[in-house]
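Dear colleague,

Please find the structure for your review below. My notes on the findings follow it.

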Amino acid sequence: MVEAEKTTSKSATANLQALLDRLDRQIIHLDGASRIGKSDHALRVLEVARRVLEHEEGLPALRQRIGVMDQAGLFSGSDWACPTNLQPSLVKQTLTHAAPATITLEAMSLLRFLVAATGDHANPGLLAEQAKQFLTQVLALNLDRLLGQAADEAQRNAQGPLTPAVDRLMRYLMQELGPDGILDHLIDEVWRIMAQRPLQVDHVKGMVVQIAQALQSGSTNAADAHLGADRLISALFGPATLCRDDPGIAVYINRLSRADERAIQDEAYALARAMHDTGLVSDYHAAFLRWTLDADHARMLPHALGLSTTGLDALRCYESLVYGMVDAAIQPGTAQAVYGLALMLERGILYSPPIAPSLWRLLETPLSEDCTSALGASCGTLLPAKTHLVAGVLMLLGQPLGVGQGNNPTCQSARALSMWALNDPDYLLWLIAQITRGDRLVLHFEGEPLDTATLPPGLATSALLDADPVSVLLVPHLDRAYAEMGRRCIGRSEDPHRWINPELHGWWVGRAFHIAVDVATGALKEYEDFLRAFHASYHPLHNGNQPVIHPQPAGIAVTDATGTFVGWHAITLIRAGLDQDGHTRVYFFNPNNDSGQDWGHGVIVSTSGAGERFGEGSLLFEEFAARLYLFHDDVLPSPATVVQVPDEQIARIAAMGRKSWAAGRAG
Amino acid sequence: MTEKNLDKGYIAIFGWSLRCIDALEKFDRRYVIVAPAWAEAHAVEHDIPFVSWDFERINDRSMELATTLEKMGVDVAVPLFEETVEWAGAVNSVLLKNARLLGQSMLFRDKSLMKRRAQLGGIRVGIFEEAMDQADVTRFLRRVNQTLLKLDGDPNDPIHFKAFDKAGCLGHRVIRTADDVASISDDEFPALLESHLDGWEFAVEAWIKDGKIQFLNISEYVTLGYSVFVPATPELEKWRGRITQEIEKLIEVFEIDFGFIHPEYFVTSDGTMYFGEVAYRPPGFNVFELLERAYGFNAYQAMIMVFDPKTTQEELEAFFPTEVVDAKGHAGCFGVYPRRRVVSNLEIPAETENHPYFDFHELNPPHAQKVTKRTAFGTHWGLVYFFGEDAVEMRDLLKAQEELDFYI
């Protein structure tokens with residue numbers, strides 16, 4: 001409180017008018033600066049603008065001036081220069097952790113959106129509707145500031161001196177725009193993310209908590225206006241009758257022990273339904289599972305997992321293994337592993353001979369010290385590291401396409417984990433066994449062993465903290481191996497992935513290799529032939545209707561919402577097929593944490609509603625081809641007569657590629 | 001970008017300064033920047049006319065720079081930094097066909113030669129000597145203090161130790177004791193030693209064309225190495241007549257026909273002026289910025305005009321305001337040094353930020369937590385700018401900043 005008073009009195013004493021005079025003068029200087037002097041003068045404007053922002057009555061004055069500041073060149077030359085390129089999801093991070101000048105610039109940018117949304121100051125290239133949409137998303141993602149949850153003094157102090165000003169800005173934006181739609185947007189956002197069934201759901205849970213609090217605080221309209229909120233909240237906090245009122249685990253267990261058979265069965269059904277509906281698992285669910293085994297109600301287990309006949313059969317065949325895994329991995333705190341377990345059983349992979357013994361090996365292997373501390377650092381030490389690891393394995397095997405790279409430059413490694421979980425789970429379990437016992441992987445590259453314990457670091461320069469447990473243990477080693485394979489290809493005339501991909505992932509990666517750019521110059525190379533070859537390999541109408549047998553690595557030239565090239569990215573081609581409307585689509589796995597991305601020029605990756613399975617992203621075949629630059633092929637001759645691809649189709653795709661990522665790569 | 005006037009000179013700027021380029025972009029002279037290769041990418045990206053040149057190395061390609069610029073049609077070279085002064089002199093001796101310009105620039109570059117030349121011309125300087133090693137410093141310290149009739153055990157009067165060819169306060173140490181001498185490392189020699197003058201130190205910025213002063217500014221130091229403001233207080237400005245005479249003497253002795261000089265002087269309580277040193281380039285501490293704030297003219301553009309052989313006297317008269325009377329107020333700046341040994345945050349003191357004279361600052365958050373100990377007058381961590389009506393208040397305000405923590 002003392003800190004807050006000091007801040008208030010400090011800003012109150014500063015004379016707003018004097019600050020505004022200073023601001024106006026700096027804006028004039030900025031306006032008069034040449035293109036070379038802009039950034040220097042922009043910093044001076046930001047310095048004063050920050051002080052006005054800190055002033056309690058400063059926001060209307062800043063809003064009034066934002067048009068002039070924009071025209072004077074406040075944003076020019078910065079990442080904020082083009083408002084339509086900005087991402088609402090990045091705003092929170094900037095406002096919380098960036099340097100004061102950057103926070104101020106972000107705040108000014110939000111005001112720029114505000115005046116565009118309200119029509120006070122038209123911004124060419126930023127439509128009112130777009131601006132409003134952007135701000136709504138920003139507000140939805142910063143609900144904690146609106147609800148005053150950042151008001152904890154210790155937290156506020158740790159967050160830096162601009163926190164009260166940013167909170168005030170959020171409230172101001174909300175007040176100017178009206179609260180309608182913000183909560184709905186947040187709810188939609190949660191459903192959209194959960195439709196991809198990610199392994200890591202902590203941020204989703206955070207958003208659900210925000211929704212719950214917003215609804216409870218009564219500051220918003222009638223709850224029935226927010227479709228879908230109740231299902232999300234109840235899935236986490238009260239999925240079934242006996243825990244509907246969120247009574248706490250101890251009370252819940254007590255209630256279960258006094259419930260009759262019918263009530264317990266209803267409880268199991270309700271828990272399973274909530275889980276399969278949302279992909280979110282309540283801690284009560286984990287407690288229920290443990291209780292069924294402890295209290296001799298094991299026959300409820302398949303109901304609580306919501307198993308079909310396939311899953312039920314797998315459970316029956318491997319009963320003691322499943323009980324062992326529940327005991328080792330399922331706790332309040334690792335509740336998501338319940339979902340992983342259910343889906344793993346449904347996949348039937350336990351019937352593959354090496355899997356069950358591999359899982360027994362996992363259960364019986366003590367963790368090395370390094371593994372224990374790495375898991376402790378990323379998952380916390382409340383539960384044993386082993387619990388997190390077994391839970392992580394269940395999740396990955398249940399949802400191979402749910403793994404994400406976190407905020408790490410390790411798409412290759414995340415993709416590899418996903419492929420193995422999908423296609424080669426016993427190999428994945430073998431890698432885990434190597435790490436947990438010896439803190440090293442020995443992989444082979446063209447016959448030569450690579451010992452990851454002796455290799456220098458790869459792309460990831462720091463420990464992974466924001467990833468799932470299996471990634472935490474394996475990715476640092478895989479990353480090193482990948483980097484070493486790259487080093488061993490130095491001097492070869494072609495892209496190293498030609499050799500790395502099959503060697504790193506497995507024999508089933510096609511040995512024929514197609515790439516659309518010349519590695520030395522980065523220029524396009526025989527692009528039309530490349531596209532034709534891609535159709536011949538993967539398009540069901542042009543490859544003799546051959547399905548994709550194994551997941552295949554492929555390379556995407558990622559573009560931003562304006563279609564500008566951003567970078568090369570590793571994805572997995574899962575399948576190609578017809579969607580409900582009869583269009584051919586490519587279904588693929590993107591190790592980015594959220595596949596729903598706008599790649600510009602209308603190429604928007606769909607994550608649900610176009611026939612995707614959980615975790616898949618999809619694009620129309622042509623759109624996908626227009627961002628593809630690298631793929632593998634198994635070179636099996638087609639058994640049927642192949643239909644040639646029409647020239648205009650190739651030309652159309654090539655034009656889309658040339659207009660976007662390949663712009664300036666004339667070859 | 002301002003339309004370029006082809007009847008005016010084509011200017012080569014020696015050194016990379018965004019402030020200067022900004023001024024050129026808004027000015028009618030054609031220009032090219034001559035700077036080290038590290039600036040090239042930035043120049044290309046922003047379409048800045050650029051010639052890459054390594055000023056550190058003097059070799060047999062030096063003539064190439066002059067001929068390159070001559071072929072481009074460049075009329076004159078303007079140095080921005082100490083290291084580029086003799087390069088500009090050398091190139092200008094070719095471009096302007098005046099061999100004397102090289103020799104003149106060498107005088108500006110070597111503090112020892114400079115003092116001798118001033119002394120020969122009848123300008124008052126303090127006692128000075130060249131030092132090749134620590135023993136020379138010890139001897140000079142002892143002799144200066146003997147002259148002052150000090151007894152053993154009396155505190156010494158300090159002497160000043162300055163690198164021959166560095167700008168401003170770089171490599172400038174104040175020596176009082178044998179310990180101070182011992183802390184000088186061998187690579188700082190040779191150097192210039194000077195007796196300390198108990199006077200009021202100030203600097204002058206003078207724009208000269210056709211051997212005539214076009215504009216003369218007096219910069220008042222509040223504390224050397226910390227703060228400066230323009231125009232000076234009336235107390236110092238009352239010496240303007242004497243100062244002008246001194247500058248005219250300097251112009252005559254150094255045979256300066258055109259250009260920009262930045263000399264430093266001491267004035268003792270009886271009004272005697274001692275010459276300290278003179279530089280042929282813009283001063284540090286952003287005095288140019290302060291001048292623009294106080295008078296509204298761009299000092300870089302002014303400098304380019306006095307170098308440009310195609311500038312007319314009328315043009316200059318229209319450009320320059322009248323000294324002191326045309327100033328809208330006093331502009332000052334303060335160089336911040338961290339006062340603590342360990343710092344983690346930049347925090348502008350409330351009394352600074354809330355003062356009505358506070359203008360803006362260019363301080364950055366600390367990169368390293370540990371502050372290296374200052375032995376010489378080092379480089380400040382950034383400048384804080386002030387602007388206000390009253391010269392005395394400005395002086396007191398700048399002085400007060402010395403007691404505040406900007407880095408905590």
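Over which residues of chain A does pLDDT stay under 50, and how many contacts beyond four places in sequence does the model have for them? The stretch is residues 1–13 of chain A, with twelve such contacts. Here pLDDT is the predictor's confidence in each residue, from 0 to 100, and two residues are in contact if their C-beta atoms, placed from the backbone, lie within 7 Å. Residues 149–157 of chain A also have a pLDDT below 50, with 14 contacts beyond near neighbours in sequence. Chain A as a whole averages 88, and 93% of its residues score at least 70.

This is a predicted model: local features need pLDDT of at least 70, side-chain atom pairs count only at pLDDT 80 or more, and totals for chains, interfaces and linings use all residues. Residues are numbered from 1 along each chain as its sequence is written, while chains are lettered from A and ligands numbered from 1 in the order in which they are written.

Between the chains, 15 residues of chain A are in contact with 13 residues of chain B. H3(A) contributes the most to the chain A side, with four residues (helices are DSSP runs of H or I, at least four residues, and strands runs of E, at least two, numbered from the N terminus).

In chain B, four strands form an open antiparallel sheet in the order E5-E8-E6-E7 (strands pair if DSSP finds at least two bridges between them). Strands E5 (128–131) and E7 (173–175) of chain B each have a single partner strand, so one side of each is left without a neighbour in the sheet. E5(B) pairs with E8(B) over four bridges, and Phe128(B) stands opposite Glu194(B).

Yours sincerely
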